[in-house]
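Here is a quick tour of one chain, written for someone who would rather look at side chains than at tables. Have the viewer open as you read.

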Amino acid sequence: MGYDYALVHLKYTIPPAIALTLLYRPLLKRIDIYKVLFLVTVAVVSTIPWDSYLIRRQIWTYPPSVIIGSRLFSIPAEEVFFFIIQTYNTSVLYLILSKPVFHPTYLVQKTKPNPVRIQQNLGQAILATCILGGGILFWTGGEGTYLGLILSWAGPFALLLWTLSSQFLITLPRTSTLTPIAVPTIYLWMVDTLALKRGTWSIESGTKLGLYLWDGLEIEEAVFFLATNTLIIFGLVAFDHALTILQTFPQLFPQVPEFPSPALLVKALLVDTAKYDQERINGIQQAVTRLQKKSRSFYLASSAFSGRLRIDLILLYSFCRVADDLIDNAADEEVGHSWIKKLTHYLNLAYASKEGRIISKKLDLHSYITNEFPESAQSALRLLPTHLLPFGPLYDLLEGFKTDLDFHQTSDGSKDFPIQTEHDLEVYGARVAGTVAELILELVFFHSYIATTSHQREGLVHSGGRMGIALQYVNIARDIATDAAIGRVYFPSAWLKEGGLTARDVLKYPNHPVIETLRIRLLAKAFGVYREAQLAIAQLPDDARAPMRVAVESYMEIGRVLREKGNKVKEGKATVPKLRRLRVAWKALNEG
């Protein structure tokens, strides 16, 4: 009886597990726990018969003086724990590296031969060759026995997973596939080298080739750890592939349980890719590209959400950006109002019953979008989940856009600027941002697995609307010069009058010292409203609370930067440095 093998865990496998757990804990979702438990179970069940055979054949041996003594099917308890801890560590590393990845954008349809198909076929050929070679080595016996057993055991699992999910795996960022294979593999190679040199475990000389990757690390051990970590990542990618199919295509899978059964996961993987809604995939990809360029704070925050909620939030925000751009980029007021009219008709069609459209002989929604909107905007309108959203906030949003157009009428001095009082400013903020907050909350209520009462929802919607106003105030404070360049001044005229200015003075001198005073005043109002609404975040469903806090704090950090002495607003650039945004998100996640 001894503790050498147990000390390997205490020194080399448990500390990384603790570090990875602490790092990922704020991001942990219940589906992640299910995923890791699923992978650990599969790893243990599939490895025990194979490992037991190696030990009983004395291909692997453990001196009695290095193990505690407890065994399961001849396998030392420390070795069984190794199956668990290795799978856990590699899985959590994968979860960390995959968190920023939005998986629906990587779904592909099988088409005629293309680079992905070629890589898939090549991978299948390589894995089949490994299986065949492993079988020959095992059958022949002798010095190739151990390597043959590794290849003939791991190869079939790898080939199955590759066949099911390789097209998805190949398109994923290498940081979420190769990196979580390479890092734990190299680390375990070093641990294994130390253990082999100390005699914690050994390979019988008659069953190994006698080749070394480096001094002390036999080639069979190097292949074993590479193969097992590859299997873990292949399994996790296949799980995420299945989950992505389930979540991306509600027409194929209308209801998806929080923890999909293995049978449902396999069913998703076996769906013919010809049934994929390619228009939906393309639309989601366009939405992501749009947000990465124009709403970076929101896109960063969206990565804290998961499942269909994350998809629908991105589609909602993409629609808001498209609608805003159509109106902001209008050549003149008349064109802008025509876009509002078209968007209003779009909403009328979207919320009208199918029977009503037939009776009135109106164009169906799809045709109307095709005929009336530019191609770059069409996917955002088609994919807006109107069946989950109340119509009121969307119409109110368009009312807010009308205020933006009212600035066109002030250019010749014939009409006052539309924001005359603090009340006007608050109404505008409620229409263009409070409405979006309400729509986001409606999606949260629908997708959350935790029920909320109608009374709770009413309170949360009210507070969400107020928080939206706070965020809009920050947005206005940041974009004073940008707005002035297109003839807009959102400061209440009453404020300007107090400082001896007019709105036209702001257009001419957006960096005037008095303007900076007004910026600080507006930020003070923003943070006042923020503090008023902030407490409601704690009342959100558990699975949305931390992500929502990230979304809010990421944007409010812009306001904090603007309040700092010596800060200079850089037009067209993120006000908050990326590293600082990540720290803010991390802190918000830890607050829960």
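## Ground rules

A residue is called buried when its relative accessible area is under 20%, exposed when that area is over 50%, and partly exposed in between, using a 1.4 Å probe and protein chains only. This is a predicted model, where local features need pLDDT of at least 70 and side-chain atom pairs count only at pLDDT 80 or more, while totals for chains, interfaces and linings use all residues. Numbering runs from 1 along each chain as its sequence is written, and side-chain values use heavy atoms, with hydrogens and water left out.

## The overall picture

The chain has 592 residues, and 52% of them are buried. Along the principal axes, the C-alpha atoms fill a box of roughly 95 × 60 × 45 Å.

Rings of Phe, Tyr and Trp (its six-membered ring) pair if their centres lie within 6.5 Å, and planes under 30 degrees apart are stacked, over 60 edge-to-face, and the rest tilted. Take Trp-50 and Trp-153: they are stacked, at 4.4 Å centre to centre with 15° between the planes. This pair links distant parts of the chain, since Trp-50 is in helix α2 (residues 30–56) and Trp-153 in helix α5 (residues 145–171), 103 residues apart.

Trp-153 counts as buried because its relative accessibility is 9%, and Trp-50 does too, at 7%. Both belong to one aromatic cluster along with Phe-82, Phe-157, Phe-224 and Phe-225.

## Arginines over rings

Two arginines are worth a look. The charged end of Arg-521 sits over the ring of Trp-495, 4.1 Å from its centre, and that of Arg-563 sits over the ring of Phe-527, 4.4 Å from the centre. To count, NZ of Lys or CZ of Arg must be within 6 Å of the ring centre and within 35 degrees of the ring normal.

## Out on the surface

Thr-129 is in helix α4 (residues 115–140). With a relative accessible area of 52%, Thr-129 is exposed. From Thr-129 to Ala-268 is 139 residues in sequence and 28 Å in space, C-alpha to C-alpha.

Leu-10, in helix α1 (residues 4–24), is exposed as well, because its relative accessible area is 54%.

Notes: Helices (H or I, at least four residues) and strands (E, at least two) are DSSP runs, numbered from the N terminus.
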